[in-house]
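Reader: I'm new to this one. Can you walk me through it?

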Amino acid sequence: MARQSSVSFFIVFLAALLVLASMYFLTTARPVLALAPTVLLVIVAFFLAVPRVAYYAIIFLIPLAALRSVDGIKLHWVLAAFLILIALMQMLLSKRIPERLLSNFWPWIFFLLVWCAISATFSSFFDVAVKNTVLLGAGLMFAILGFYYLKPLHIFKELPAVIVASISLSSLFSVVGYVFNVSLFIFADNGEVRGQGATSNPNVMAMTVIFAVPFLSYYLIHAKGFLRKSGVLLLVAINLGGLMSTYSRSGALLFCVVVLLLVLVNRRRMVLRHLGLYIFAISAAFLVIALAVPSSYWTRQSSKSYEGDKSINRRWSYLHVGARALMESPLVGHGMGTFENIYSDSDYAWEFSRTDDIVERLRQAHNTYVEFLVGLGLPGLVFWLIIIWRMHTNFLEGEKKFKEAGLLTQADMVVTYRVALYSLLLFFLMLSDSYNKYFYVLIACASVFHQITLEKIREIWPESKAPQ
């Protein structure tokens with residue numbers, strides 16, 4: 001009886017707060033905000049009922065960087081804090097740690113963070129190193145939240161749809177921005193206009209599209225019926241349009257590499273009609289898009305091997321500065337995220353920028369491996385590479401389990417995640433993105449695939465042929 005009275009009191013108290021908040025906003029210059037408290041309550045209640053949706057919301061916002069802040073409030077940080085709070089409350093109430101948190105990534109996450117902290121302690125750029133240590137910790141926390149909230153069925157059905165939907169939306173923004181010159185969705189520099197969608201720059205836009213390609217491939221092969229296949233083909237065309245609007249030479253190159261990888265890993269499962277679908281989808285999409293692509297796009301792609309291309313020369317300078325920085329501190333590095341500070345002091349920075357403005361001379365390595373190597377030294381890079389290797393082996397292990405269970409469609413999805421990892425690892429050779437959220441989502445997925453047992457597979461998929 002006492003508990004019922006407490007609940008009733010809480011409901012009345014919450015209702016009173018909502019009324020007061022709405023009345024306050026009615027007196028402001030923006031009375032429409034009077035609806036905000038009620039809308040916010042509905043959203044919070046929904047997230048409380050299905051908290052993984054909040055995790056999906058963060059993933060959905062990854063390629064929408066231009067839209068994920070409201071009045072300086074970063075929505076993805078708010079959602080992450082909410083998820084951490086919910087997880088802590090649930091564990092406190094149940095007085096136990098869920099088995100899904102017992103991941104085989106924990107030792108390497110611990111070693112990487114400890115080494116990152118040690119490196120920051122010895123860094124000449126202490127403030128920068130500490131800030132980036134926190135960012136690395138936040139990225140790893142996002143993976144840990146995935147350990148907690150993602151379950152096998154979610155990874156097979158819901159997560160791929162969220163990834164493809166959000167990246168396709170950003171690709172559509174990129175195409176619209178490029179065609180109609182919408183400033184929010186394009187990058188303009190010295191008269192050159194490139195699409196970037198709602199991401200932070202064209203190269204990041206290209207990377208997100210490449211990441212979506214394996215999932216689009218999976219949907220293309222497994223879609224049933226004319227309407228679904230047509231829908232997937234439309235998404236393929238939109239994403240190819242988004243990729244081409246970025247004018248990213250790295251993106252164009254890696255797109256071809258990832259498609260080749262998909263053909264190779266699926267060669268035993270790919271029947272003639274699937275190969276035909278690949279050829280038709282890519283050819284049709286390229287044909288439609290090529291009609292609207294100016295000749296300047298192909299000119300830029302052909303400049304990849306041009307020795308006088310300034311961007312290529314600059315990338316060589318990043319490797320030279322990185323090698324020199326490694327020789328100076330091979331063990332503990334210079335602190336996470338400090339490459340750009342080191343580069344700004346180099347002769348190359350002056351040669352390419354011709355300015356004394358330090359901010360203008362800051363340049364990332366355009367190579368995530370170099371960022372880790374310079375930032376954390378050889379041991380730090382090794383810890384990070386071990387995490388990557390563990391992801392790879394977990395995906396192989398998961399694929400084997402589903403094949404043993406006779407669930408080839410699910411095995412194909414595990415392969416899709418594995419190729420998505422490869423696409424990121426390839427792009428890391430050309431882009432500095434140490435805190436890429438897709439990478440940390442894949443850590444969570446790899447952990448789930450490692451933990452799932454044949455017994456659990458039989459429980460979730462009764463049609464499986466997993467041995468008893």
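Reader: Which helix holds glutamate 397 and lysine 401, and how many residues apart are they?
Author: Both lie in helix H17. They are four residues apart, about one turn of the helix. One thing to keep in mind: this is a predicted model.

Reader: What do their side chains do?
Author: Glutamate 397 and lysine 401 meet in a salt bridge, at 3.3 Å from N to O.

Reader: Why would a gap of four matter?
Author: An α-helix has 3.6 residues a turn, so residues three or four places apart point the same way.

Reader: Is glutamate 397 buried, partly exposed or exposed? And what about lysine 401?
Author: Glutamate 397 is partly exposed, because its relative accessibility is 28%, which falls between the 20% and 50% cut-offs. Lysine 401 is at 13%. That is under 20%, so lysine 401 counts as buried.

Reader: What does arginine 418 pair with?
Author: Glutamate 399. Their side chains form a salt bridge of 3.1 Å, N to O. Arginine 418 sits in helix H18, residues 408–427, and glutamate 399 in helix H17, so the pair ties together parts 19 residues apart in sequence.

Reader: Are those two buried or exposed?
Author: Arginine 418 is buried. Glutamate 399 is buried too.

Reader: Which residues are linked in a network of salt bridges?
Author: Glu399, Lys403 and Arg418.

Reader: How many salt bridges does the count come to?
Author: Five. One of them joins glutamate 459 to lysine 456, with the closest N and O atoms 3.6 Å apart.

Reader: Where are glutamate 459 and lysine 456?
Author: In helix H20, residues 454–460. They are three residues apart, so about one helical turn separates them. Glutamate 459 is exposed, with a relative accessible area of 56%. Lysine 456 is partly exposed, at 35%.

Reader: Back to H17. Where does valine 382 sit?
Author: In that helix, which covers residues 368–404. Valine 382 counts as partly exposed, at 42% relative accessibility. Phenylalanine 372 is 10 residues from valine 382 in sequence. In space, the two are 9.3 Å apart, C-alpha to C-alpha.

Reader: New topic. Where does H7 bend?
Author: At glutamate 158, by about 40°. A proline, proline 160, follows within four residues.

Reader: How far does H7 reach from its first C-alpha to its last?
Author: It reaches 42 Å. That is close to the 42 Å expected at 1.5 Å a residue. H7 has 29 residues and runs over 152–180.

Reader: What comes just after H7?
Author: Asparagine 181, with a positive phi of about 55°.

Reader: What about lysine 95? What is its phi?
Author: Lysine 95 also has a positive phi, about 55°, although it is not a glycine. It lies in the loop between helix H4 (75–94) and helix H5 (106–121). At 75% relative accessibility, lysine 95 counts as exposed.

Reader: And tyrosine 247? Where is it?
Author: In the loop between helix H9 (226–245) and helix H10 (249–265).

Reader: Is tyrosine 247 buried or exposed?
Author: Buried, because its relative accessibility is 5%, and the cut-off is under 20%.

Reader: Now threonine 199. Which loop is that in?
Author: The one between strand E4 (192–195) and helix H8 (202–222). Threonine 199 counts as buried, at 4% relative accessibility.

Reader: Which backbone oxygens lie by its side chain?
Author: The backbone oxygen of glutamine 196 lies 2.5 Å from a polar atom of the threonine 199 side chain. The backbone oxygen of asparagine 201 lies 3.2 Å from a polar atom of that side chain.

Reader: Last one. Which residues make the nonpolar surface patch of about 310 Å²?
Author: Val70, Ile73, Leu75 and Val78. Valine 70 belongs to strand E1, residues 69–70.

Reader: How exposed is valine 70?
Author: Partly, with a relative accessible area of 42%. Patch residues need over 30%, so valine 70 at 42% clears that cut-off.

Note on methods
Residues numbered from 1 in each chain as written. Predicted model: local features only at pLDDT ≥ 70, side-chain atom pairs only at ≥ 80, totals over all residues. Heavy atoms only, no water. Patch = residues over 30% accessible without salt bridge, like charges linked within 9 Å, V, L, I, M, F, W, Y side chains within 5 Å. Areas by Shrake-Rupley, 256 points an atom, 1.4 Å probe, with all protein chains shown as cover. Salt bridge = Lys/Arg side-chain N within 4 Å of Asp/Glu carboxyl O. Helix = DSSP H or I, 4+ residues; strand = E, 2+ residues; numbered from the N terminus. Buried < 20%, exposed > 50% of the residue type's maximum accessible area, 1.4 Å probe, protein only. Expected span 1.5 Å × (residues − 1). Bend = angle between axes of the 7 residues up to and from the residue. Polar contact = N/O pair within 3.5 Å; in protein donor to acceptor, adjacent residues only side chain to side chain.
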